[in-house]
Amino acid sequence: MTYSDYVYVCRPQLPDAEAIAGYIRGIDSRRHYSNRGPLVQQLEERIATSFERPAHAVRSTSSGTSALEVAILAKTGLATPDRPLALIPSFSFAATGLAVERCGYRVHFVDIDPETWALDPVALARHPLLDQAGLIVSVAPYGVLPDMAALEALHAATGVPVVVDAAAAFEAVLDHPDQISQSVPLSLSFHATKTFSTGEGGAVIWDNPAGQDMVQQVSNFGFFLSRECKVAGTNAKMSEYHAAVGLAMLDEFPARRRDYARVSALYAKAAEVCDPGGAMLLPPRVSSAYALFEAQDAAHFDRAEKILLGGKVETRRWYEDGQHTQPHFAAAGSDPLPVTDSLSRKLIGLPMAHDLAAHDVARVVRLLQQAAEPAAGAPDPTHGMATSPA
Ligand SMILES: Cc1ncc(COP(=O)(O)O)c(C=O)c1O
């Protein structure tokens, strides 16, 4: 068996050597490799401009996980004995809980709202453990930003600091820069699986100059304008090499978004021609990094996963069955999580790539149709679609 005929769930493509060469040559001549070099600052400025914000609003980091850690440390610092808990959704990637723990908090999982897939700020304001919570981390699931105004209000009403793990939300911030907050920092991931990538990397987005100075300080061993370690910090700095990739990626980004929109339209068209038996959740509703299928129930989900795999289509449960099912978090505190449990057994991550071919999209949808057990003689999902590769 060869692997070449598989449709992979994710096939990242970052700028090639030629596209980054000019930036790298600049690094060679300057011999400035890290510690907020000129490329890092240029990347932050360009991202801030595209977010219609001043340069301070963006501080780059070495990963999305470190962005979340430094956002927490800058916003509120390490956990304290009287408020040791962090209230977070289980419906997320394991990085959310791990980052919270690295800042000294004890994870307590809270269920999500079935409509938004995010924490419900109104319910959180009445949470019985609120008086032990030193932190609330809301997540932007699949790049869908939570209601930032409601989170600001939650922070103001309860005094509990709020940070948003918005790992996949680069496009959401780009399209809705009014959601950038002064009081609630957002962390982004620039991992290769995300639509905008530096290979590994991330950023804290926060329209708060003093807060971002603190982000800079905790990202650099607690140093700020001196070599004195004054606050709990780490090394979360982005290197010039990663910034070079990011700058080349920004150069290509408008074309990249058009390509993703084309693939999203292919999925929508295929699902129109041939009912996949469940909801297709596609960009721009979610980040362009994802095409999601929502099965009717767990039995349908199991059947669809199996049939797609049998048809050599790779799928992914991006958040697995929720963080609470990960062995490391077995002892963490938790509310009952019926929405997380149900959604985790319904959402399937389908193949998505900026250059996914029309015939591969058609294959995915055809297999979904089989999993829905359609009546004999159902229409061909390729009908009416271009069949040549992208
Ligand atoms: C919700 C969420 N948070 C954090 C991360 C971690 O980002 P990184 O891999 O850049 O550290 C991810 C990665 O996919 C994620 O999906």
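Where does aspartate 120 lie? In this predicted model, aspartate 120 is found in the loop that links strand E3 (106–110) and helix H5 (121–124). Here helices (H or I, at least four residues) and strands (E, at least two) are DSSP runs numbered from the N terminus. At 28% relative accessibility, aspartate 120 counts as partly exposed; the scale calls a residue buried under 20% relative accessible area, exposed over 50% and partly exposed in between, using a 1.4 Å probe and protein chains only. Glutamate 44 is 76 residues from aspartate 120 along the chain, and their C-alpha atoms are separated by 31 Å.

Residues are numbered from 1 along each chain as its sequence is written, and side-chain values use heavy atoms, with hydrogens and water left out. Because the model is predicted, local features need pLDDT of at least 70 and side-chain atom pairs count only at pLDDT 80 or more, while totals for chains, interfaces and linings use all residues.

Turning to the whole molecule, the protein chain has 12 helices and 11 strands. Its radius of gyration is 22 Å, close to the 21 Å that the globule rule gives for 390 residues, so the chain is as compact as a globular protein of that length. That radius is taken over C-alpha atoms, and the rule is 2.2 Å times the number of residues to the power 0.38. Along its principal axes, the C-alpha trace spans about 70 × 55 × 40 Å. Buried residues make up 53% of the 390 residues. Among contacts (heavy atoms within 4.5 Å) with a separation of 6 or more, 72% come from residues 24 or more positions apart.

The protein chain is divided into domain 1 (17–247) and domain 2 (253–371), with bounds that come from an automatic or database domain assignment. The contact between them takes 35 residues from domain 1 and 30 residues from domain 2. The C-alpha centres of the two domains lie 26 Å apart.

A second residue worth a visit is glycine 97, placed in helix H4 (residues 95–102). Glycine 97 counts as buried because its relative accessibility is 0%. Leaving aside residues up to four places away in sequence, glycine 97 touches Ile88, Val107, Gln323 and Phe329. Arginine 262, by comparison, is 165 residues from glycine 97 in sequence and 35 Å from it in space, C-alpha to C-alpha.
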